[in-house]
Amino acid sequence: MDINSDHKYMGRALELAARGLYTTDPNPRVGCVLVRDGEVVGEGWHARAGGPHAEINALRAAGDRADGATAYVTLEPCCHHGRTPPCTGALISAGVRRVIAAMEDPNPQVGGAGLKALQTAGIEVHAGLLATEAERLNPGFVMRMRAGRPWVRCKLAMSLDGRTAMASGESRWITGADARRDVHRWRARSSAILTGIGTVLADDPLLTVRLDQADDDPVRQPLRVILDTRLNTPPEARLLGAPGETLILTGVHDDSDGRARLRDKGASIITLPVEDGRLDLAAVMRHLGRMEINELHLEAGARLSGALLAGGWVDELLVYMAPHLMGDAARGLFSLPGLERMAQRIELSIDDIRAVGRDWRISASVKK
């Protein structure tokens with residue numbers, strides 16, 4: 001089989017994997033295509049955590065035709081028992097002749113062992129085809145496996161002159177309806193939405209996903225996470241009554257009446273270390289990593305966004321730019337005290353720019 005065919009079928013496997021964009025959390029998004037004698041005999045993708053993996057779905061679709069086939073899979077097949085049996089055993093039993101994986105699994109429980117098990121069974125294996133594209137589909141899972149923390153995506157809305165709110169704090173709405181709908185799709189693919197107590201007090205946001213969904217397929221609501229060092233979240237905050245779960249991370253240790261009232265509203269409260277009067281952001285990231293948070297969607301004010309950016313925790317910026325000017329008295333994107341020389345600039349790599357309605361969406365990676 002030539003390299004062009006290999007690329008074509010792996011590209012199809014990536015398309016299938018993307019169908020699980022909003023549903024697989026905390027598992028990775030994976031697709032699989034089975035090909036025999038130049039014909040696709042089975043396709044599958046991982047739809048939900050706890051459900052069959054992509055390889056199993058493709059093998060079921062192929063039936064006996066999987067014997068002698070090549071499997072194109074976007075992530076190395078698992079070789080350990082989790083919620084489901086290992087996929088390596090199923091591929092071996094089905095008589096698959098060749099397995100091409102886009103990338104090795106960064107999970108230390110796998111990490112090449114799945115490919116080795118297939119090779120030991122006499123199956124020809126290859127890894128690395130369209131690896132960049134495969135990793136781009138699962139940035140949070142890869143980051144959590146490699147670094148023990150989520151991938152942090154910071155969403156911002158600004159005017160053409162880089163302002164996020166008027167001096168009074170008024171900010172609704174900087175962008176148009178199309179951009180706001182687009183934000184909900186980014187929220188939907190995330191494990192959690194992070195904000196600070198300042199945003200909760202100033203804007204009283206819901207921080208929910210509001211998309212048109214079929215009644216029999218309700219949207220998954222990401223966990224809402226509030227960084228609230230002094231536990232000032234009001235029990236009447238709208239997000240406490242919204243669909244989904246809310247976690248408050250605080251530095252307060254005592255079991256006060258305020259804590260009880262928040263718990264009565266359904267909030268979970270975890271105490272973490274405090275550093276220089278605010279929550280230790282490294283401890284926050286470690287804790288969220290242990291909670292299996294893959295993609296962390298940040299919607300916060302200039303102080304928290306600036307602190308996370310300056311601390312090296314932000315991986316990606318998602319900036320919606322509206323075609324208007326708000327003036328030099330309006331509020332800026334980040335609070336970044338201490339940047340005084342050009343050499344101290346935070347470098348970005350622009351990955352994508354596209355129109356979203358009347359606004360522009362800029363995707364940028366933070367260089368580290």
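This is a predicted model: local features need pLDDT of at least 70, side-chain atom pairs count only at pLDDT 80 or more; totals for chains, interfaces and linings use all residues.
Residues are numbered from 1 along each chain as its sequence is written, and side-chain values use heavy atoms, with hydrogens and water left out.

S190 sits in the loop between α7 (177-188) and β8 (192-196); helices (H or I, at least four residues) and strands (E, at least two) are DSSP runs, numbered from the N terminus. Apart from neighbours within four places in sequence, S190 is in contact (heavy atoms within 4.5 Å) with R153, R220, P222, E295 and H297.

An open sheet is built from five strands in the order β2-β1-β3-β4-β5, with mixed pairing; two strands pair if DSSP finds at least two bridges between them. Because β2 (39-45) and β5 (124-127) each have a single partner strand, they stand at the edges, and one side of each lacks a neighbour in the sheet. Neighbouring strands are turned by 15° against each other on average, direction ignored. Strand β4 (residues 98-101) pairs with β5 in the parallel sense over four bridges, and V99 has V125 in β5 as its bridge partner.

Two helices pack against these strands, with angles from 0 to 180 degrees between N-to-C directions of lines fitted to C-alpha atoms, for helices over the stretch in contact.

| Helix | Strands | Angle |
|---|---|---|
| α1 (residues 3-17) | touches β1 (31-36), β2, β3 (70-73) and β4 | about 145° with β1 |
| α2 (residues 54-62) | lies across β1, β2 and β3 | about 140° to β2 |
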